[in-house]
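Please study the sequence and the structure before reading on.

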Amino acid sequence: MSNCKLNGAICAPATATGGALGIIRISGVQSLEILSHIFTKDVTQALPNTIHHGHIINKVGCPPIDEVLVSVFRAPHSYTGEDSAEISCHGSQYILNKVLELLCQNGCRMANPGEFTQRAYLNGKLDLSQAEAVADLIASTNRATHQMAMSQLRGHFSSRLAQLREQLLKLTSLLELELDFSDHEDLEFADRSELFDLAKEIDTHITELARSFEIGQVLKQGIPVAIVGKTNVGKSTLLNALLKDDRAIVSDIHGTTRDTIEDTIDINGVTFRFIDTAGIRQTTDTIEQIGINRTYAAIDKARIVLWLIDAEPSAAEVEDLQSRCAGKSLIIIRNKADLVDRTMFNVQCSMFNVLSISAKTGYNIDKLESQLFEAANIPEITENDIIVTNARHYDALLRAHDSIQRVIEGMGAKMVNGQWSMVNPSLSGDLLSEDLRHTLDILAEITGGQITPNEVLGNIFKNFCIGK
């Protein structure tokens with residue numbers, strides 16, 4: 001991979017503009033020499049992990065541009081694996097631009113998006129899945145997404161894949177050793193029963209990792225919750241109460257909400273994405289009917305449905321919504337508890353626990369949040385849990401699953417009542433070895449263990465922020 005390494009010194013701002021302080025990163029060959037040309041101290045001989053106080057200047061004798069602190073990091077013990085430094089200056093846009101301009105005049109170039117992390121990967125500081133976790137960590141919006149990104153960044157996912165590959169590699173090597181002694185048909189270095197059991201075990205692990213992708217996507221994108229009900233039942237008021245903000249228009253006029261309105265809140269470290277929908281009723285208004293159709297579409301996409309009522313629903317209404325919410329969590333909420341008594345319905349809704357709230361006064365909103373978190377059924381995420389969140393990883397796991405299943409089937413196994421069972425003679429060792437090698441290569445794609453095409457690297461790093 002050395003022929004793919006990026007050359008030259010690069011620089012970029014690592015902080016957003018407008019703050020009290022700003023940080024500029026510089027990395028690469030002669031980066032410390034370049035920095036010394038515009039800094040009042042020579043840092044070319046500076047010890048690693050040291051901080052130096054001084055001024056940024058255009059040339060000797062000129063007035064200083066800013067008073068700064070420079071942190072020095074030495075290869076290979078830096079983020080990129082190269083000599084690098086960080087300039088901490090004031091956050092003025094003028095100052096940041098001037099420092100970057102001086103660095104470029106003295107031999108740097110502006111970094112591409114994600115180039116610092118790309119260099120860290122190419123220099124062996126991170127594997128590819130860890131590098132991708134950096135972007136996820138920056139984009140994390142709640143505790144759950146932060147924990148998932150930290151787990152991947154710390155290499156838990158990579159370690160699991162390495163364990164699977166090590167087991168596969170051992171048996172693949174034994175199968176290939178058999179091929180070297182193919183003239184001795186009675187020799188068998190790889191025990192077929194051991195291979196069969198190991199292939200099943202690996203397939204189970206791969207399947208579990210692939211299945212975690214659904215949870216990972218939900219946690220990254222937010223759990224979709226549709227708020228539905230008749231017109232003027234208080235859906236928009238409920239959305240505002242949950243958001244603690246006047247996000248949706250509230251009116252006594254029926255049919256005010258004619259399109260879906262979306263916003264998010266954090267409950268116990270998990271993001272919920274609420275969709276306030278148009279009220280469901282019979283109407284001849286074409287525009288309102290379009291909104292109602294979008295309500296039904298929102299129900300289809302939702303994981304949780306909040307059905308808001310302020311009067312006893314009919315049996316037909318209950319049956320209709322139940323059919324539309326099949327496979328989803330349905331929470332029935334009786335609104336306007338400040339206007340009526342707080343007893344539960346016990347006729348058509350006797351099979352449900354109906355929560356009584358007042359979206360207007362905030363009564364029982366905390367209980368509703370607790371029910372939402374419970375209905376989401378999201379396991380507690382820690383930094384040790386492995387949750388797949390990346391579509392590239394998910395695709396590779398699906399292909400690895402198909403490949404390892406070919407190995408299992410190649411040994412004469414068939415799925416019977418959900419369990420693998422040996423029923424036919426095994427394929428020859430060369431065919432099994434080929435499928436095992438293919439599985440190994442696919443798993444290596446995730447961490448970048450194989451030579452990774454430049455276009456793949458480009459697609460991965462182009463969405464990073466500049467300076468990371």
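**Cavities, rings and buried parts**

The largest cavity has a volume of about 80 Å³. Here a cavity is a set of points, on a 1 Å grid over the protein atoms alone, where a 1.4 Å probe fits but cannot get out, and lining residues have an atom within 4 Å of a point. Grid points are joined across faces, edges and corners, and a volume is the space filled by probe spheres set on the points.

This is a predicted model, in which local features need pLDDT of at least 70 and side-chain atom pairs count only at pLDDT 80 or more, while totals for chains, interfaces and linings use all residues. Residues are numbered from 1 along each chain as its sequence is written, and side-chain values use heavy atoms, with hydrogens and water left out.

Q: How do the residues of the lining of the largest cavity divide into nonpolar, polar and charged?
A: The lining includes Arg143, Asn268, Phe373 and Glu380. Ala, Val, Leu, Ile, Met, Phe, Trp, Tyr, Cys and Pro count as nonpolar, Asp, Glu, Lys and Arg as charged, and the others, Gly among them, as polar. On that basis the lining of the largest cavity has 6 nonpolar, 2 polar and 2 charged residues.

Q: Which helix gives the largest share of the lining of the second largest cavity?
A: The second largest cavity holds about 40 Å³ of space. Its lining consists of Met148, Ser151, Gln152, Phe157, Asp385, Ile386 and Ile387. Helices (H or I, at least four residues) and strands (E, at least two) are DSSP runs, numbered from the N terminus. The largest share of this lining, 3 residues, comes from helix α5 (residues 143-153).

Q: What kind of aromatic pair do Phe272 and Phe274 form?
A: Rings of Phe, Tyr and Trp (its six-membered ring) pair if their centres lie within 6.5 Å; planes under 30 degrees apart count as stacked, over 60 as edge-to-face and the rest as tilted. By this rule the count comes to 3 aromatic pairs. In one of them, Phe272 and Phe274 have ring centres 6.5 Å apart and planes at 25°, so the pair is stacked.

Q: Is Phe274 buried or exposed?
A: Buried means under 20% relative accessible area, exposed over 50%, and partly exposed in between (1.4 Å probe, protein chains only). The relative accessible area of Phe274 is 0%, and therefore Phe274 is buried.

Q: What kind of aromatic pair do Phe461 and Phe464 form?
A: Both Phe461 and Phe464 are buried. Their rings lie 5.2 Å apart, centre to centre, with 45° between the planes, and the pair is tilted.

Q: Over the ring of which residue does the charged end of Arg25 sit?
A: A charge sits over a ring if NZ of Lys or CZ of Arg is within 6 Å of the ring centre and within 35 degrees of the ring normal. One such case is Lys468, which lies over the face of Tyr79 at 4.5 Å from the ring centre. The charged end of Arg25, at 4.9 Å from the ring centre, sits over Phe116.

Q: Why is helix α3 (residues 115-122) described as largely enclosed by the rest of the structure?
A: Among the buried residues of α3 are Glu115, Phe116, Arg119 and Leu122. Helix α3 is largely enclosed because its buried residues number 8 of the 8.

Q: With which residues is Ile51 in contact, leaving aside its neighbours within four places in sequence?
A: Ile51 is in strand β3 (residues 50-56), and it counts as exposed because its relative accessibility is 59%. Its C-alpha atom is separated by 6.4 Å from that of Val72, 21 residues apart along the chain. Contact means heavy atoms within 4.5 Å. With those neighbours left aside, Ile51 is in contact with Leu69, Val70 and Ser71.

Q: Is Asn364 buried or exposed?
A: Asn364 lies in the loop between β12 (355-356) and α11 (365-376). Its phi is near 70°, a positive value in a residue other than glycine. At 11% relative accessibility, Asn364 counts as buried.

Q: Where is Pro76 placed?
A: The peptide bond from Ala75 to Pro76 is cis, with omega near 0°. Pro76 is in the loop between β4 (66-73) and β5 (84-90).

Terms used:
On a 1 Å grid over the protein atoms alone, a cavity is a set of points where a 1.4 Å probe fits but cannot get out, and a pocket is an open set with protein on both sides within 12 Å along at least five of seven lines; lining residues have an atom within 4 Å of a point.
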